[in-house]
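Hi,

Here is the structure I promised to pass on. Have a look at it first, and my notes on what turned up follow below.

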Amino acid sequence: MKKSDAVQAVKFALFSASAGIIEVVAFTLLNEVVKLSYWPAYLIALVLSVLWNFTFNRRYTFKSAANIPVAMAKVAGFYLVFTPLSTWLGNMAEQSGINEYIVLAVTMLANFILEYLFCKFVVYRGQENTREEKQKQE
């Protein structure tokens, strides 16, 4: 692993942690205060964290000048698969008696690993570190 890849992974982890905080706070408020059931609380919290994570990782981690709508569409494609699957499995786990916060933690860890790999090798493939180059040209 190159040093730049390690730095990139650390940045992704830190931004993902901040998105994770947003997701946990939103989920907790929706679950404990609003009293939504697991799946709508999870879904709303996930959308908020994805928007945050996409914005910061595109700009600062991958430093990409990739077309934003195209990059977002690729991320949306990832979540078209991940979201229903994680919502369904998470709801099943919670209904079987597993604490909803344990389910959320496991789901968030899977999301972190899978999303990093997807962004690195699909969304920003060939588009990393192009943001600075584009700014120099302007």
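**Pockets and a buried threonine**

Sorted by class, the residues lining the largest pocket comprise 12 nonpolar, 3 polar and no charged ones. Please keep in mind that this is a predicted model.

That largest pocket has a volume of about 250 Å³. Its lining counts 15 residues, and those closest to the centre are Phe82, Ser86, Leu89, Thr107 and Ala110. Helices H3 and H4 (100–123) each provide at least two residues of this lining, and H3 gives the most, with 8 residues.

Now for the second largest pocket, with a volume of about 210 Å³. Here 14 residues form the lining, and Ser16, Ala17, Gly20, Met108 and Phe112 are the closest to the centre. At least two lining residues come from each of H1 (3–33), H2 (38–61) and H4. The largest share, 6 residues, belongs to H1. By class, this second lining has 7 nonpolar, 5 polar and 2 charged residues.

One residue of H3 also deserves a look. Thr83 sits in this helix, which covers residues 68–95. Is Thr83 buried or exposed? Its relative accessibility is 14%, and the cut-off for buried is under 20%, so Thr83 counts as buried. Which residues does Thr83 touch, leaving aside its neighbours within four places in sequence? Thr83 is in contact with Leu43 and Leu46.

Happy to go through any of this with you.

Best wishes

Key. Residues are numbered from 1 along each chain as its sequence is written. This is a predicted model: local features need pLDDT of at least 70, side-chain atom pairs count only at pLDDT 80 or more; totals for chains, interfaces and linings use all residues. Side-chain values use heavy atoms; hydrogens and water are left out. Helices (H or I, at least four residues) and strands (E, at least two) are DSSP runs, numbered from the N terminus. Buried means under 20% relative accessible area, exposed over 50%, partly exposed in between (1.4 Å probe, protein chains only). Contact means heavy atoms within 4.5 Å. On a 1 Å grid over the protein atoms alone, a cavity is a set of points where a 1.4 Å probe fits but cannot get out, and a pocket is an open set with protein on both sides within 12 Å along at least five of seven lines; lining residues have an atom within 4 Å of a point. Grid points are joined across faces, edges and corners, and a volume is the space filled by probe spheres set on the points. Ala, Val, Leu, Ile, Met, Phe, Trp, Tyr, Cys and Pro count as nonpolar, Asp, Glu, Lys and Arg as charged, and the others, Gly among them, as polar.
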